[in-house]
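Please look at the sequence and the structure shown here, and then follow the text through them step by step.

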Amino acid sequence: MNLPNAENLIESLKNKINEMIDENTVLIGVQRGGELILQKILPSLGSAVATGSIDTSFYRDDFSSRGLKIKNKPSKIDTEINGKHIILIDDVFSSGRTVRAAMNEIFDYGRPDKITLAVLIDRNEQELPISPQICIEKISLSKNQHLELVLDENKKFTFQLKESHV
Amino acid sequence: MFNPQLNNKGNLNHLLSIEGLSKEKIIQILDTAESFLKIGERDVKKVPILRGKTVCNVFFENSTRTRTTFEIAAKRLSADVINLNVATSSQSKGETVLDTINNLIAMNADIFVVRHSSSGAAHFIASHVKPNIHIINAGDGNHSHPTQGLLDAFTIRKYKTNFNNLKVAIVGDILNSRVARSNIHALNILGVPEIRVIAPKTLLPDEIEKLGVHVFYDIDKGLKDADVIMMLRIQNERMDGIMLPSQEEYFKTYGLNQVRLDLAKKDAIVMHPGPMNRGVEIDSAVADSEQSVILPQVTFGIAVRMAVMAILAGQHS
């Protein structure tokens, strides 16, 4: 199938985020895709903005069945988030479970005024009453297809589709 | 070879000793500990990962500090913690080790942190429990203290970045030290090219060279150009005149003072597993100097123990 052009989607996402940010905004990237997007758009945003990154490994609801992810990175939220507007950035939105875990972790750092979820792609697989406020494209995939944002050798973002055989 | 620490998928099911761990497995634990270290810097120092699990600290031999760090680690993972000082309870009433453990399993404990004065105690327990129960060795006799070996490796990596050009000197009672054994194994697996042990003959086990270490009886020679100095505790009960003449005599010949520390590299770090005897194995000023990383070791120890518990609890056979 034809996958959307990742660079174009990131550009559109950047424009939408740019319209929302003010001095009260904190941008938080969900590792790993969301963090990659954040690092890519950060230099070309209209104004300086506080940032952080989050790894949901210790907050996931599937720990008891899947265990700890082998490669986990520390979450890094060094900035004050009490009373802030957090824009949470991720590459692909599917069930909503990662976002739930990320929000639980965010509330261990403080009490933001508002959280907005911004993603490139929504897979239409929502399992929880959580959905993105900013979404550039919606596509439907089958459950065994894993869509991932990767940075290729030319430093260009592309989407990769992997199929797992169950 | 049968490795009682691993489950049928080759994953870590118990942590019994450093021997038998691959370099990749140790690095995975250290990397995970790095993530947990960040949790300890937050206002809310807790994550929900072991919510609903029960960690049981079973100490057949007393140790307030190790038990406390395991307890804090488990609580920061949101586990329920039970501390059992078996040295003063059921054992004295005649119950066997396995009966004690089985009673705790019947109370639905998931992870056991075990310290025992007999070498091999944790292996013995691990080989008799159901696959979904995890055992962590918190020190068995003079055999092994794997979480100490891991936290020391974590500390070295923090200050020295990598292992493959280091000279590490371990000083003191090697003979009776499970910490020294675990450290020697960990440093060998991680690729430290030069491990030195410095001690009087009476405190060195026979054939220690077979573990891949260089033996020094003279501390001044042994410390020359070292990057890392690990001091070991001299247990007061060894000072009976058979092993060692006196505390003063030991301090004079093997104690780490500033003059000796200056023989090592300028940026050498000084480590100690605690509790330390100031004025016996280490001079007070050195223990408090800028080169001392003894207190950071304690902080890192909690993160490393959180990592071990989280990795073990995620394994299913």
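The face of helix α1 of chain A that is turned away from its buried side carries the exposed residues A:Glu7, A:Asn15 and A:Glu19. A residue is called buried if 20 or more other C-beta atoms lie within 10 Å of its own, exposed if 12 or fewer do, and partly exposed in between, with the C-beta atoms placed from the backbone. Helices (H or I, at least four residues) and strands (E, at least two) are DSSP runs, numbered from the N terminus. The model is a predicted one, in which local features need pLDDT of at least 70 and side-chain atom pairs count only at pLDDT 80 or more, while totals for chains, interfaces and linings use all residues. Residues are numbered from 1 along each chain as its sequence is written, and chains are lettered from A and ligands numbered from 1 in the order in which they are written.

The buried residues of α1(A) are A:Ala6, A:Leu9, A:Leu13 and A:Ile17. Seen down the helix axis, they fall within an arc of 70 degrees, so they line one face of α1(A); the arc is that of the directions from the helix axis to the C-beta atoms. Among the elements that cover these buried residues are α2 (33–41), β3 (85–93) and β4 (114–122) of chain A. Two residues are in contact if their C-beta atoms, placed from the backbone, lie within 7 Å.

In helix α4 (residues 97–106) of chain A, the buried residues are A:Thr98, A:Val99, A:Ala101, A:Ala102, A:Glu105 and A:Ile106. They cover an arc of only 160 degrees around the axis, which puts them on the same side of α4(A). These buried residues pack against β1 (25–30), β2 (50–54), β3 and β4 of chain A.

**Loops of chain A**

Not counting residues up to four places away in sequence, A:Ile81 touches A:Val26, A:Ile86, A:Ile106, A:Tyr109, A:Gly110 and A:Pro112.

By contrast, A:Ser140, which is found in the loop between β5 and β6 of chain A, counts as exposed, with 9 C-beta neighbours inside 10 Å. The C-alpha atoms of A:Ser140 and A:Arg123 are separated by 5.2 Å, although the two residues are 17 residues apart along the chain. A:Ser140 touches A:Arg123 and also A:Asn124, leaving out residues up to four places away in sequence. A:Asn124 has a positive phi of about 60 degrees although it is not a glycine, and this residue is exposed, with 11 other C-beta atoms within 10 Å.

**Two helices of chain B**

In chain B, the axes of helix α1 (residues 23–39) and helix α11 (residues 294–313) come within 8 Å and cross at roughly 115 degrees. Axes are lines fitted to C-alpha atoms, for helices over the stretch in contact, and angles run from 0 to 180 degrees between N-to-C directions. The residues of this contact, which include B:Phe36 of α1(B) and B:Phe300 of α11(B), divide into 12 nonpolar, one polar and no charged. Here Ala, Val, Leu, Ile, Met, Phe, Trp, Tyr, Cys and Pro count as nonpolar, Asp, Glu, Lys and Arg as charged, and the others, Gly among them, as polar.
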